[in-house]
Amino acid sequence: MPDMSAVMKLLQFTDSTFPVGTFSFSNGLETASFEHIVHDAQTLGEFAEAQALQAAFSDGVAALASYRAALNGNLDGILAADKALMDFKMNDEARQMLSRMGKKLAELAVRLFPESLAGAWLDKIVAGETPGSYPVAQGIAFAAAGISERDLFCSHQYGVVNMVLGAALRCVRVSHYDTQEILFRMSDRISGLYEEVAEMELDDMHAFFPILDILASLHEKGNMRMFMN
């Protein structure tokens, strides 16, 4: 049986109301909708799946690396994961999203886990010595909370997909039924995806989703602004 306290913390950290600012971002969906790339439940499901895979093989790798480093008290390992992930991101809006949410989670983690490495990591963020990405913050917080790395990966994937689906309810012609069906279908592949990502190192990060960078460039110069990215 999983520890009940860990399960409660997992639910807390994964909840859409967790105060790290996920509601401010659409993960590219806003522009995809405006450009009619995503316009119904089918195209939304395809977009959400692509986002989940792209995040798994980049953000997910960094999250697991920072989690393992945090368990070993290895601040240098956390910093290495943070740098590797932000170097991997091509567009400025993705980096902005990860750093803003990451700093918020770091600030909260310091209050929840004062004895963890979150404080030392936040000091590095404030000093401008590390970007402070959200997946790395998740790794630190989940390690401190005693939540397993499998559950960390599950929470990370849920957050990526739910960010897209939550935004879709505001800018795509879909219903709550549609978004819940998409989320339910995607949950079936999480175990196999974790097994693959768990074997990857930071140097193994990869993703090919160039449309995201194109959408980000359009959003930076566009007039439609429902979300920060």
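Helices are DSSP runs of H or I with at least four residues, numbered from the N terminus. The model shown is predicted, so that local features need pLDDT of at least 70 and side-chain atom pairs count only at pLDDT 80 or more. Residues are numbered from 1 along each chain as its sequence is written, and side-chain values use heavy atoms, with hydrogens and water left out.

View A. Asp203 lies in the loop that joins helix H10 (190-197) to helix H11 (210-221), and its relative accessibility of 77% is why Asp203 counts as exposed (over 50%, whereas buried means under 20% and partly exposed in between, with a 1.4 Å probe and protein chains only). Together with Glu199, Glu201 and Asp204, Asp203 forms a negative surface patch, where patch residues have over 30% relative accessible area and no salt bridge, and like charges are joined within 9 Å; a salt bridge is a side-chain nitrogen of Lys or Arg within 4 Å of a carboxyl oxygen of Asp or Glu.

View B. Within H1, the residues Ala6, Leu10, Phe13 and Thr14 are buried. They lie on the same side of H1 because they cover an arc of only 90 degrees around the axis, the arc being that of the directions from the helix axis to the C-beta atoms. Met4, Met8 and Leu11 are exposed residues on the face of H1 turned away from its buried side.

**View C. Glu181 in helix H9.** Glu181 belongs to helix H9 (residues 176-186) and, because its relative accessibility is 46%, counts as partly exposed. Its C-alpha atom is separated by 9.4 Å from that of Ala41, although Glu181 and Ala41 are 140 residues apart along the chain.

Conventions: Helix = DSSP H or I, 4+ residues; strand = E, 2+ residues; numbered from the N terminus. Patch = residues over 30% accessible without salt bridge, like charges linked within 9 Å, V, L, I, M, F, W, Y side chains within 5 Å. Areas by Shrake-Rupley, 256 points an atom, 1.4 Å probe, with all protein chains shown as cover. Lys, Arg positive; Asp, Glu negative; His and termini not counted. Charge placed at Lys NZ, Arg CZ, Asp CG, Glu CD.
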